[in-house]
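Hi,

Here is the structure I promised to pass on.

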Amino acid sequence: MTKGSINVSVENIFPLIKKFLYSDHEIFLRELISNATDATLKLKHLTNIGEAKVEYGNPKIEVKINKENNTLHIIDQGIGMTAEEVEKYINQVAFSGAEEFLNKYQDSAKESGIIGHFGLGFYSAFMVADKVEIITKSYKDEPAAKWTCDGSPEFTLEAHDKTERGTEIILHISEDSREFLEEFRIRELLNKYNKFMPIPIKFGTKTETLPLPEDAAEDAKPETIEVDNIINNPTPAWTKNPTELTKEDYLNFYRELYPTQFEEPLFWIHLNVDYPFNLTGILFFPRLGNNINIDKDKIQLYQNQVYVTDEVKGIVPDFLMLLRGVIDSPDIPLNVSRSYLQADGAVKKISQYITRKVADKMNSLLKEDREEFEKKWNDIKVVLEYGVVSEEKFAEKADKFMLFPNVDETYFTWEEFNEKFKEIQTDKDGNFVVLYATDKNQQDSYIQSAKEKGYEVLLLDSPIAPHFIQKLEYSKEKVTFARVDADHINNLIKKDEPIVARLSDEQKETLKKEISETIDSKTYTVQLEDLSLTDAPFMITQPEFMRRMKEMQQTGGGGMFGMGNFPEMYNLVVNANSDLANEILNKPEEEKKVLINQALDLAKLSQNLLTGKELTDFIKRSFESLK
Ligand SMILES: Nc1ncnc2c1ncn2[C@@H]1O[C@H](COP(=O)(O)OP(=O)(O)OP(=O)(O)O)[C@@H](O)[C@H]1O
């Protein structure tokens, strides 16, 4: 038996590991299973290249609880260690055997999927155990060894009679970590971290019913057998070649990943790149609707099929955070701070690659099946608009596939829309004015006036539409956007047309003064216009600029500072050519007021602004007038 003291630096490292290294104690199991996986994959590699002359077989990893002894066992059938190797790899903490293996077999081992890097994984066992034993037998023809350590830097190393190849790690679970002796807790951890690891993991057994033979008697009972309960799927969809996968395979994988999601994803993107970084994965576009829950069922990050985290900020561009799925890359540094992560070259490239793939996918969806793409538009537009607003690279590509639906559900690309409406909707100063609505019921009367002129009205109703519009105006020359109710349509797209005025300037001045004095002039600014006889006499509009800035402020940033809290301000457009205007001028004082108030209420009604007591009074008054 050898007794000794683990490398001096350990004395300082141990308490660190216990308390600070991993705030999440539960990750010890992930670390030990990763080691067991590495050991198995190493053996596979060595048998493949002919260096290990042993049968690889169908190795698995077993996790076992022994409640009587308070122990948790992790058993593999991998490469194993000789006593000398235990000395070297286990006793010299922070000297990573994985690193050494990769260096030695640099070229051939790159593809083998080996996980360890940091040389501390094994010691995380001491976060939950008072004492740890390693019983290990190398694939080489050498005796087995047993290493024992009680958490102090002292260890013992002795011979052992284990005959099968592989390693068993025995954790004597400490008093305050007894939860890790509960079956449900271990199952939960295996499910979280190891669900897609590449080597089958056994946790207990389960009963399977055998099918009855064809000639079985009617009352025959089917036989049952006990089989290994394998908790993982060692070949998840993202590790396969996209050409091997059907639509059903992707949907099944989605359900496997998010068992509580019942709605099918809209479409998916299979990621697969090996230069200049390694990354595989599948991203799913969920049907978002209005139910945006960013914290549930997020994108999961894996490294060689080991779950790492679902905090992917910085790796996945912001606008894609609402997507679901998996990315698996060994090239993302994990033990670093978020700001460092964002500055990392490989991570930046990964983020750009994902952005590009999403843009390419949109392009091909539009080209290959426009009808389907249009059907899905409502569910994906928020993500894509956010992409245009936040990622310049995405915005550049997005011009080709962004769709602009009109209020009657006809979809245009930007190019198509230009071709059809640029000429008619260009005002006298050469600006192409794009008219849009955000609510086609509420803004119906304005939409109709625009349509009467032969103009098209788009429906841009997503919560970030104001930001999206702002961005488009900024990046396109001589294009402005105006919501249909931002002003009278004649003012929204000003043309060089002769104006006929029925009232003299003096009469207009009087009318304006009388109306302003009757109404709440803090909220409504009176604006007299010489419109056509068929136009409404009173109309409420809300200037585009103010409204948009306010909305941008309310939906997170942008806009102008402080505008979010501004009170609502409207214009009251009065058609000076209308009969009503004439009548107001000519009625006696008291009747004037009644007319003005009634007309204002009607205008408010058409903008959905008449509510509560005002609405009740209006209805009462209207009934009275019918008597
Ligand atoms: N089950 C095992 N079978 C064979 N060798 C093992 C086993 N567990 C650990 N080792 C050896 O001990 C070394 C140290 O393990 P440790 O988990 O501390 O570091 P690592 O796996 O190299 O890196 P990481 O910190 O990323 O896990 C491993 O590199 C490996 O050589």
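E21 and strand E22 (residues 570–575) pair in the antiparallel sense, with 4 bridges between them; strands here count as paired if DSSP finds at least two bridges between them. Within that pair, Met 539 stands opposite Val 573 in E22. Helices (H or I, at least four residues) and strands (E, at least two) are DSSP runs, numbered from the N terminus.

Before I go on, two notes on the source. This is a predicted model, where local features need pLDDT of at least 70 and side-chain atom pairs count only at pLDDT 80 or more, while totals for chains, interfaces and linings use all residues. Residue numbers start from 1 along each chain as its sequence is written.

Back to that sheet. It is open, has 3 strands in the order E20-E22-E21, and its pairing is mixed. Strand E20 (524–529) and strand E21 (538–541) are at the edges with a single partner strand each, so one side of each has no neighbour in the sheet. From one strand to the next, the twist averages 25°. Helix H16 (residues 505–518) lies across E20 and E22 and runs at about 155° to E20. For the angles, axes are lines fitted to C-alpha atoms, for helices over the stretch in contact, and values run from 0 to 180 degrees between N-to-C directions. Contact means that the C-beta atoms of two residues, placed from the backbone, lie within 7 Å.

In the loop between helix H15 (489–492) and H16 you'll find Val 500. Is Val 500 buried or exposed? Val 500 counts as exposed, because it has 10 C-beta neighbours inside 10 Å. The cut-offs: buried takes 20 or more other C-beta atoms within 10 Å of a residue's own, exposed takes 12 or fewer, and partly exposed is in between, with C-beta atoms placed from the backbone. Val 500 is 212 residues from Leu 288 in sequence, and their C-alpha atoms are 51 Å apart in space.

There's a second open sheet to look at, with 5 strands in the order E10-E11-E14-E12-E13 and mixed pairing. Its edges are strand E10 (267–273) and strand E13 (306–309), each with a single partner strand, so one side of each is left without a neighbour in the sheet. Direction ignored, neighbouring strands of this sheet are turned by 20° against each other on average. Strand E12 (residues 300–303) and E13 run antiparallel and are joined by 3 bridges. Gln 303 has Val 306 in E13 as its bridge partner.

Strand E4 (residues 129–137) is worth a look too, as 7 of its 9 residues are buried. E4 pairs antiparallel with strand E7 (residues 166–173) over 8 bridges, and also antiparallel with strand E5 (residues 144–149) over 5 bridges. Thr 136 turns up in both pairings: it stands opposite Thr 167 in E7, and its bridge partner in E5 is Ala 145. A hairpin of 6 residues links E4 to E5.

On the helix side, I'd look at H17 (residues 544–554), where Arg 547, Arg 548, Met 549, Lys 550, Glu 551 and Met 552 are buried. What do the buried residues of H17 pack against? They pack against helix H14 (465–475).

Finally, the overall numbers. The protein has 20 helices and 22 strands, and 35% of its 627 residues count as buried. Among contacts with a separation of 6 or more, 70% are between residues 24 or more positions apart.

Cheers
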